[in-house]
Structures are given as structure tokens and as C-alpha cells.
Amino acid sequence: MVCLPAMILILLLATDVLSQSVPGTIHTFDMIPVKPDPAHGVPKAFFVGKNEVSWDLLDAYRFELDRKAESESSLPESSDIIARPSKPYIAMDRSFGHNGYPAISVQYRHARCFARWLSLKTKRHYRLPTEAEWKLLARRSQITKNNILEHAWLDENSDWVTHPLGEKKPDALGLFDLFGNASEWVTGLKGEHLTYGGCYETLAKDAFPAKAVPEDMGNWNASDPQDPQSIWWLADGGFVGLRLVLETDTDGKPAKPPAKGIEHEPKPDESPEDAKPDPARLEERGISG
Amino acid sequence: MTHSRRHFLSTGAVAALAPYAFASHSEEVIRVGVIGCGGRGTGAIWNCLSSSPMVRIVALGDVFSERVQSAAQKLVNEPRSSVTPETTFSGFDAFQKVLAADLDMVILATPPHFRPEHFAAAVAAGKHVFMEKPVAVDAPGVRAVIAAAAEAKNKKLSVVSGTQRRHQQPYLEAIRQVQDGRIGEIRSASCWWNQGFLWRVDRTNTMTDTEWQMRNWLYFTWLSGDHIVEQHIHNIDVCNWAIGGPPKSATGMGGREVRTGPEWGNIFDHFAIDFEYENDVRVTSWCRQIDGCSGKVAEEIVGTQGVLRTDGGRSIITGESPWRFKGGRNPYEQEHVDLIASISGSGPYLNEGQRVAESTMTAIMGRESAYSGQKLTWSEAINSDARLGPEHYAFGPLPVRPVSVPGS
């Protein structure tokens, strides 16, 4: 139930909300404008996803539904080298729920590759938030330790599962689930892989004030029994999802993706073999638990 | 590819031990050979090394030489490996050569078809055994494993199988709660392994029938047992564990709806089985490997006073006496920790051969019921003489058995 003041708030905000369609899919999602805060490391305005990224959208990427749907692909030529996720060996939605639920169990590089795919699809520069950006969202959310459970699915109210996106009250910016449901990948100042925002297993007292939980591959992917382990999925990290931001130009309009070598081009140690999978390597991947 | 993370990933005490600590008690070394060096076999090497400073890897074997070489290469900088070209073996007889090496323990991680023969040979050679699940693909194989497990017991050889939920704290705690009566008397259960497609290797011009099938072993019943046996055994095993033994009968159905091309071998892509246990307890088992469908990998035990739900790392009981638990050590390491403790005498003696054979048989009974369309009793199923696969192994022509059609 969304209360009346919140409805009004949403309507007020709606004027600036950017509705993004994804060519080749039936999906649209909303991006909310955020003013800069140069004093706290956010020199430029940006847009941020009203919701965490849904399974619906991630499925379009990982199952190449965008290609299947379009005989004339809207993707530029360079998209041929887009890496698509490997086959996971368990149900990565943990059977919590799928369509309309936040995508979870994704590794940082998976989240980045998704953002890169989306950028190529939409011709806009999507990426993961910086730490400063995420903290700014948290500050402007007006969420406190007293009202957090009205806004966030956490240990106390989640039954230890994710919930459909947008069911809790939106925060003061109009964002849903910032402090709960799935944790969200964020890029640290030095490129660290961080997560912010509590998840369905986080206690409210640990979720506010928000603090970074650094990537912990030792534990989050410990029980992937294969060698090599998955470089896409988190066998034990069912709580990690993502929310994207959209860069703006100096005029405040959505920015185009960089012409060459998108910022999120996988680093040499992360990817080349993914783009053109080696069958033997694929065979070793993700057998069956 | 670095493997250092494997050694430091666990939160357990062993991770705190430097890899070199074993040198001061070199008399306590456990010498380990590996038969089957694919993704899981190689993964098991790191799990085993992480489990105890006593472990040394000394010999490797696989049908395919490049697999052995790849695993050996990964061990080049591992101080606790003494693998040399002289202790790496390939071919169908590689297992015999590994077992002939100076070993205390062997990891069996080939496709399941070969497990009964390898396990029997390992026990005959006096080796402790870690063997991946499932442990057979047919009833004759199950009977061979049960016989070898009994021989292992006589010889005081430790045997642990890769049904790692038996070593996973959320499951151990949950089953303890069930045994202590928290959900009352068990009335029924359900279990699921519903997921999408898995990997597949395209056939090349140089591949013989045998090589093509072995490189795609998941998709041939003679090699994997079908996915109900190869994968869903984990969840079926949890039900057998909670209930206290295998079922009396199975009535199953299944088919091949999406993976219909010859490249997918001859297995089904979905099964649903109604298992009947003593005291009118029923278990419904579901497994599916089809992309784009709802996924679920979990178990649910329904009692007269509550319901236990388990899904890997968490256990939740609802009902009259709610309870929940999550966390614990990586079970793929813990199963090796427990095995090493059994071998060294610092923990209880473990011989899981019989029970993993029974859970394997439960899954095979479900498969055979679905393949045939007939209800099968335990005694009919386990006494079957239907053996899968060729009598002799060689690279060359090997026809694919037609996909089973229920009712025919």
C-alpha cells in the first residue's frame, strides 16, 4: 500500500522521471534524476534506477532474448563481442521469485557486463553507481533507523527471501528498496567492488546507517564446486543484486556511451576468454553441484 | 587462473594454518590420488588440500590426457603436490595406474558410470575413498558399491561421498531438529532441482562416438544416469536422510520436451516422481533442466506440527515451534575435513558407501519408473540386471540407445 503523501510525492517526481525502453525487448524501466553534490564527491547530476534491476531485464541479457526477438538487431557491430553469462548450476533466483523480483547472485563483473550491454542497447551510458553516488542517495532518502522497516525488506520482515520490486514505500527520492531486498553493487573510489544497502538477511540495526560490505568471493562463491569457479554467478551470494545509474552530459541530458572502449570494458584479467568461450573451459564450468 | 583463493576462502580453523605447517609432522601425511580430473575432480583437489595440512596430492588419472595435464599444470606451484609426469596417467586404465601408486586415499570423480568399478578397485587396493555422487547409473552398479562398502568396513577404510548436504551445517542442524521432534511426525516431503540448461560440447570431426559421448557425459544415461540421478540425487538424499531410509516404491513420469536434438544424447529434461515410504509417507520429487522456467533447488519436509524448508545454506522451520539457521563452513571442504578426521582417527569413522548407494538407487528407481511408465518396487528396482553402457571401453563406434518412451 502506498500512502497518499507518497503518491503525491511520486506524481511530483514523475515529471522528471526518464522512462527507458530496451530495444528488442518488451521491457521499460524508470530512471530518476538526482542533483549533484560536489562537496561529497558527486560533481555531476545523474539518473538512478527507481528499482533494483529485475530478473526480467537480466534474463533478456543472459538468454539473449533481445537477439531472438529481433531479426534486425539494434545492437551495434561491437555487440558481437558482448560476453553473456555462463549457465549456472543451480537456480540463481533461489526460487524466491523471478519476474518482477530483483536479480540476485550476480558477480560484480556480471553486473558491469550487463550495464555495458544495456548501454549498447539503449545508446546511453549506464553503469554501476560510485560509492559517493550511493551515499548521496542514502542521505537524500530520508530513511532513518526508525522508519527503515517501512521502506526495506530486511531480516525482520522478509522471511529471508527477496520480494517483488516496489512493494515497500518509496523513499524521499522516489526510489524503492534502496536499503533492503537485494544488496547493490557499487564501485569504490579506487575501483573496489563494494555492496551497499541491506538485504533480506540483514538486521535493521546493521542496515542503518548504511555501510559498505566489500566483495567477499571467498565466502560468496565458496561452494561453487568446480575448478575453474564461475566468473559470473555467486553460488552463496543470493543476496547481491544491482541498481544502475545513467550518466549525464554537462547539459544534464542522458550521456551517450563512450564511442570506444566503454568504461566497463572488462579488464584483461577478467574476461577475454568469456567473449569467445573455449569449449573445454565451458565444459568444465558449472557441472551440477 | 590462481588457486590461492581456494586456500584462504574458508572461515574454518584450517584456513589459518600455513600450507607449510604439515612439514613439521610429516609422519602424518595423507597421500592422495585423483581419478577423474574434470571440473569437479580438480575442484575436489582444492577442497581436499584446504581441508587439512596433512594432505598431499601424489597422482592423477583421467581418460583424456589433456585433462590430466591441465590438472597437473594447476598443481605446479602447489607445495603439497608431488605429482610428476611419472604419476600422471591417461586412458581407460588410468584408474588402475593411480591405484598402483603409493597412496592412502583416492578421489573418484569420473562420470558416474565408472564409479562402481573404480570404488571396488580402490577398496580392493586398500585405499580410503572420497567419491563423487552419484555412485552408479544402474542397479548392478549399486549392488557392486554396496558390496564394496561392506568390504571397506571390514578393512576399516573410510568412505565419504559427495552428497555434501550431509556435511553442511544448516542441514545437520535441521535434521537434528526433525529428529528431536520439532516438526512432529513426518507425513510427507517434496524436493526439487529445477534449473536451466547446462554446458554442452559440440562434436568435432575428429571425435569418435565414444569420445563425443564422454565429453558430453551428462546427456547419456549410461554415463550420467540422467539428471535425476546425476543432480537431483542431492535432494532425494535429504528426504531419505530425514525419513530414515529409502522408499518402498516409485511411480514416475517424465520426458524430453525441449532438449530433443541428438546433440542432447538420450536423457530426459524433466521428471516428476511419487515415492512411497513406510508408514504412508510420500515424497514428491521434481527435477527439470529447461531454460526460461521457474527454478528451485530445495527440500521441504512436512510434519504433523511444522514444516522444514531447506535450500542449501539456510534451514527454516515454520509451525508450532519456529526455528531457523544459516551459515556454516563450505560443505565441499567440510566433507573432506570429516573424511580426513575419519582416516586419521581424530574424528568418528565414516563409511557412507551404503547410504549413498541407496540414495543413488532411489533416483535410479525413479528414473526407471519414468522411462518405463510403470510403478516399480524397491526390490524390483535394486535386483534388476539391466546394466547400462558397453561391456568394454574403447574409443570408436558406439550407438546411442534410443530415448525411452513410457508405456512401450
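A: We begin with one cluster of rings: B:Phe64, B:Phe92, B:Phe114, B:Trp222, B:Tyr393 and B:Phe395 form one aromatic cluster. Rings of Phe, Tyr and Trp (its six-membered ring) pair if their centres lie within 6.5 Å; planes under 30 degrees apart count as stacked, over 60 as edge-to-face and the rest as tilted. This is a predicted model, in which local features need pLDDT of at least 70 and side-chain atom pairs count only at pLDDT 80 or more, while totals for chains, interfaces and linings use all residues. Residues are numbered from 1 along each chain as its sequence is written, chains are lettered from A and ligands numbered from 1 in the order in which they are written, and side-chain values use heavy atoms, with hydrogens and water left out.

Q: How many aromatic pairs are found over all chains?

A: The search of the whole structure gives 27. In one of them, the ring centres of A:Tyr108 and A:Trp185 are 5.5 Å apart and the planes are at 80°, so this pair is edge-to-face. Helices (H or I, at least four residues) and strands (E, at least two) are DSSP runs, numbered from the N terminus. A:Tyr108 belongs to helix α4 (residues 108-122) of chain A and A:Trp185 to strand β5 (residues 183-187) of chain A, so the pair ties together parts that are 77 residues apart in sequence.

Q: Are A:Tyr108 and A:Trp185 buried or exposed?

A: Buried means under 20% relative accessible area, exposed over 50%, and partly exposed in between (1.4 Å probe, protein chains only). A:Tyr108 and A:Trp185 are both buried. A:Trp134 and A:Phe179 make a tilted aromatic pair, 5.8 Å centre to centre with 55° between the planes. A:Trp134 is buried at a relative accessible area of 1%, and A:Phe179 is buried at 1%.

Q: Which ring does A:Arg109 lie over?

A: A charge sits over a ring if NZ of Lys or CZ of Arg is within 6 Å of the ring centre and within 35 degrees of the ring normal. A:Arg109 lies over the face of A:Trp232, 4.5 Å from the ring centre. The charged end of A:Lys168 is over the ring of A:Trp153, at 4.5 Å from its centre.

Q: What is the volume of the largest pocket?

A: Rolling a probe the size of a water molecule over the atoms shows where empty space is left. On a 1 Å grid over the protein atoms alone, a pocket is an open set of points where a 1.4 Å probe fits, with protein on both sides within 12 Å along at least five of seven lines; lining residues have an atom within 4 Å of a point. Grid points are joined across faces, edges and corners, and a volume is the space filled by probe spheres set on the points. The largest pocket has a volume of about 1,200 Å³. Of its 49 lining residues, the closest to the centre are A:Glu201, A:Asn219, A:Asp236, A:Gly238 and A:Phe239.
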